[in-house]
2 protein chains.
Amino acid sequence: MEPNPVIKGSLTTIILKLLEESGRMYGYEMTRAVREVTKNKMDITEAALYPALHKLVDEGMLETTSEVVEGRMRKYYSLTKKGKKETVFKINALKEALESLNIILNSNLSNG
Amino acid sequence: MEPNPVIKGSLTTIILKLLEESGRMYGYEMTRAVREVTKNKMDITEAALYPALHKLVDEGMLETTSEVVEGRMRKYYSLTKKGKKETVFKINALKEALESLNIILNSNLSNG
DNA sequence: TGCTTATACCTAACAAAATTAGGTATAAAA
DNA sequence: TTTTATACCTAATTTTGTTAGGTATAAGCA
C-alpha cells in the first residue's frame with residue numbers, strides 16, 4: 001500500500017500547521033511526524049519539503065536556528081510573527097477548500 | 001468573498017466524479033454545476049477545465065459527442081469503460097488523501 | 001440599433017509546485 | 001564493512017493551474 005502523495009498545493013499549509021502546533025521542528029522531523037500521525041498514508045518527500053521551507057524563509061514566514069546534535073546538523077524552523085498570522089489564513093482557506101471538495105465527492109446528484 | 005481555487009491536482013477527479021454522477025455533461029455545464037453545489041465557494045476555470053478534459057480524452061478515459069443546441073455547440077463528455085474503472089480508484093485515492101490532510105489540520109499535538 | 005450578458009467552445013505564454021533522480025555526510029546497527 | 005537511519009540539499013523535468021486573452025451565437029435592454 002503506497003502512501004498518498006501530499007495533495008498538491010497543501011504542503012506549505014501543512015508545514016505552517018506543524019510549526020504552529022510544535023513551536024519548532026527540523027525538516028527531517030516533519031517528514032517523520034506526518035508519516036506517524038497519518039499512519040504512513042501520507043508521505044511528504046524531502047525534495048518537495050526543503051525547497052518549500054526555503055521559500056517560506058525567503059518570504060519571512062519562518063526563521064531558522066542551526067544546531068549540531070549527535071554529530072549531525074539540524075536546522076530548526078519556527079514561525080515568525082508574520083508567519084503566525086499567515087498560518088491562520090492559510091489553514092482556514094484550506095479547510096474551506098476541503099469542504100467544497102468534500103461536497104463534490106460526496107454529492108449524489110441523483111438523490112439531491 | 002472570492003471563491004477558493006480548485007485544490008491543485010483534484011480537477012481531474014472532480015471531472016470524473018461529475019460524470020460518474022451525471023452520465024454525461026458538457027464543459028460549461030460542469031463549471032456551473034460546481035459553482036452551484038458549492039454555493040460559489042469553488043470555481044473551476046474554463047482555462048483549466050478544457051485542457052484537462054482533452055487530456056482525459058487522449059488518455060481514453062472520456063469520449064465525446066457534439067450537438068448543436070439552440071444554435072450553439074455543445075460537446076458532451078462521458079466516461080469510457082476504462083474511465084469508469086479509473087474513476088473508482090481516483091475518488092478513493094483522493095478521499096484517503098483528504099482524510100490524511102484532515103488529520104494533520106485537526107491534530108492537536110499538545111493534547112494528543 | 002447597439003451594447004451587454006450569458007452561453008459555449010478554445011489556446012498560448014507563463015508561473016507554481018511537485019516529481020524524478022540524484023548528491024553529501026555522520027552514526028549506528030547488522 | 002555494508003546497510004540503514006539520520007539530516008541536509010539541488011538540478012532538470014513534468015504536471016497543473018493562472019493569466020489573459022480569442023471566437024461565436026442568442027437574448028435582453030436601452
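**View 1. The β4-β5 hairpin of chain A, in a predicted model.** In the hairpin formed by β4(A) and β5(A), 2 residues sit between the strands, and A:Glu70 takes a positive phi near 50°. Strands here are DSSP runs of E with at least two residues, helices are runs of H or I with at least four residues, and both are numbered from the N terminus. This is a predicted model, so local features need pLDDT of at least 70 and side-chain atom pairs count only at pLDDT 80 or more, while totals for chains, interfaces and linings use all residues. A few housekeeping notes: residues are numbered from 1 along each chain as its sequence is written, chains are lettered from A and ligands numbered from 1 in the order in which they are written, and side-chain values use heavy atoms, with hydrogens and water left out.

**View 2. Strand β5 of chain A and its two partners.** On one side of the story, β4 (residues 62-69) of chain A is joined to β5(A) by 8 bridges, and the two run antiparallel. Two strands count as paired once DSSP finds at least two bridges between them. Look for A:Thr65, whose bridge partner in β5(A) is A:Tyr76. Strand β2 (residues 24-26) of chain A also runs antiparallel to β5 (residues 72-79), with 3 bridges joining them. There, A:Arg24 has A:Ser78 as its bridge partner.

**View 3. The sheet of chain B.** Here we have an open sheet of 3 strands in the order β2-β5-β4, with antiparallel pairing. Its edge strands are β2 (25-26) and β4 (62-69) of chain B, each pairing on one side only. Between β2(B) and β5(B) there are 2 bridges, and B:Tyr26 has B:Tyr76 as its bridge partner in β5(B).

View 4. B:Ser100 is found in helix α4 (residues 81-106) of chain B. Its relative accessible area is 2%, so B:Ser100 is buried (under 20%; exposed is over 50% and partly exposed lies in between, with a 1.4 Å probe and protein chains only). Neighbours within four places in sequence aside, B:Ser100 is in contact with A:Thr38, A:Lys41 and A:Met42 (contact being heavy atoms within 4.5 Å).

**View 5. The protein surface near DNA strand C.** There are 24 residues surrounding DNA strand C, and the closest are A:Lys55, A:Arg72, B:Tyr26, B:Tyr28 and B:Tyr50 (near means a heavy atom within 4 Å). β5(B) gives the most to this surface, with 5 residues.

**View 6. Polar side chains at DNA strand C.** A polar side-chain atom of A:Arg72 lies 2.8 Å from a sugar or linking oxygen of DNA strand C.

Methods. Polar contact = N/O pair within 3.5 Å; in protein donor to acceptor, adjacent residues only side chain to side chain.
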